[in-house]
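Take a look at the structure below.

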Amino acid sequence: RGLPIEHANHVWATDICYNPMAKGFMYLVAIMDWHSRRVLSWRVSNTLDTGFCIEALEEAFQRFGAPEIFNIDQGRRHPRGVHRCAQKSWHRYQHGQKGPVDNVLVERLWCSVKYEDVYLRAYETPTELRTGLARYFTFYNTRRRHSALDRRTPDAVYFDQANQELVA
């Protein structure tokens, strides 16, 4: 709220959504950099256990370092272990009483994932879903241009910003 987000790894966010399949559904968790809209890591699971969320958090942390702020949706879908993992891993952690737009970028990601991929393909199996999501997130990060990013891709913004931070 009112905080200008001006560089990569300033604010990360995470959320969980469910993805329908031909028979049943799978949960999807993603870690996103707010400045670039880049999906840093993601996992799917058929249960809301803590493991798949922590795996996604740990991968993002190992590959990209630590953000200054990490937002976790206040919804009850996030397992408690994820909150503890985030608190231990990140300097500043935000959770609890938040405004309605605090996770809007991840919510927009869910719309994109579902309407541009999941609903169109009606995946039959968890393996098909994982393969399809891997393909979609590669497209999303490397080729999908965003008007909010001056028609650049999330990768172009994220890595350009990250490289500038290394030089400075």
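## A question to start

Is Arg-43 buried, partly exposed or exposed? This is a predicted model, so the answer is computed from predicted coordinates. Arg-43 has a relative accessibility of 23%. Buried means under 20% and exposed means over 50%, so Arg-43 counts as partly exposed.

## Salt bridges

The structure contains 6 salt bridges. In one of them, the side chain of Arg-43 meets that of Glu-55, at 3.3 Å from N to O. Arg-43 belongs to strand β3 and Glu-55 to helix α1 (residues 51–64), so this pair ties together parts that are 12 residues apart in sequence. Glu-55 is partly exposed, at 43% relative accessibility.

Glu-59 is partly exposed, with a relative accessible area of 22%.

A further pair is Glu-116 and Arg-144, whose closest N and O atoms are 2.7 Å apart. This pair links distant parts of the chain, 28 residues apart: Glu-116 sits in helix α3, and Arg-144 in the loop between α4 and α5 (154–167). The two partners fall on opposite sides of the 20% cut-off for buried. Glu-116 is partly exposed at 30%, while Arg-144 is buried at 19%. Through shared partners, salt bridges also join Arg-43, Glu-55, Glu-59 and Arg-63 into one network.

## Strands and hairpins

Start with β1 and β2. They run antiparallel and are joined by 9 bridges. One example is Asn-19, whose bridge partner in β2 is Met-26.

Now move on to β2 and β3. They also run antiparallel, with 6 bridges joining them. Ile-31 has Ser-41 as its bridge partner in β3. This hairpin has 5 residues between its strands.

In soluble globular proteins, nonpolar side chains tend to be buried together. Here, the largest nonpolar core has 25 residues. Those with the most contacts inside it are Leu-28, Trp-42, Leu-109, Val-113, Leu-129, Leu-133 and Phe-137. β1, β2, β3, α3 and α4 each give two or more residues to this core. Which element gives the most? It is α3, with 6 residues.

Val-113 shows some of the packing. Leaving out residues up to four places away in sequence, Val-113 touches Asn-19, Leu-28, Val-118, Leu-133, Tyr-136 and Phe-137.

Which way does phi point in Arg-37, positive or negative? Phi is positive, near 65°, in a residue other than glycine. Arg-37 sits in the loop between β2 (25–33) and β3 (39–45). Arg-37 counts as buried, because its relative accessibility is 18%.

Ala-122 also has a positive phi, near 45°, and is not a glycine. Ala-122 lies in the loop between α3 (104–121) and α4 (126–142). With a relative accessible area of 42%, Ala-122 is partly exposed.

Technical notes. Residues are numbered from 1 along each chain as its sequence is written. This is a predicted model: local features need pLDDT of at least 70, side-chain atom pairs count only at pLDDT 80 or more; totals for chains, interfaces and linings use all residues. Side-chain values use heavy atoms; hydrogens and water are left out. Helices (H or I, at least four residues) and strands (E, at least two) are DSSP runs, numbered from the N terminus. Buried means under 20% relative accessible area, exposed over 50%, partly exposed in between (1.4 Å probe, protein chains only). A nonpolar core is a set of buried Ala, Val, Leu, Ile, Met, Phe, Trp, Tyr and Cys residues joined through side-chain atoms within 4.5 Å. Contact means heavy atoms within 4.5 Å. Two strands pair if DSSP finds at least two bridges between them. A salt bridge is a side-chain nitrogen of Lys or Arg within 4 Å of a carboxyl oxygen of Asp or Glu.
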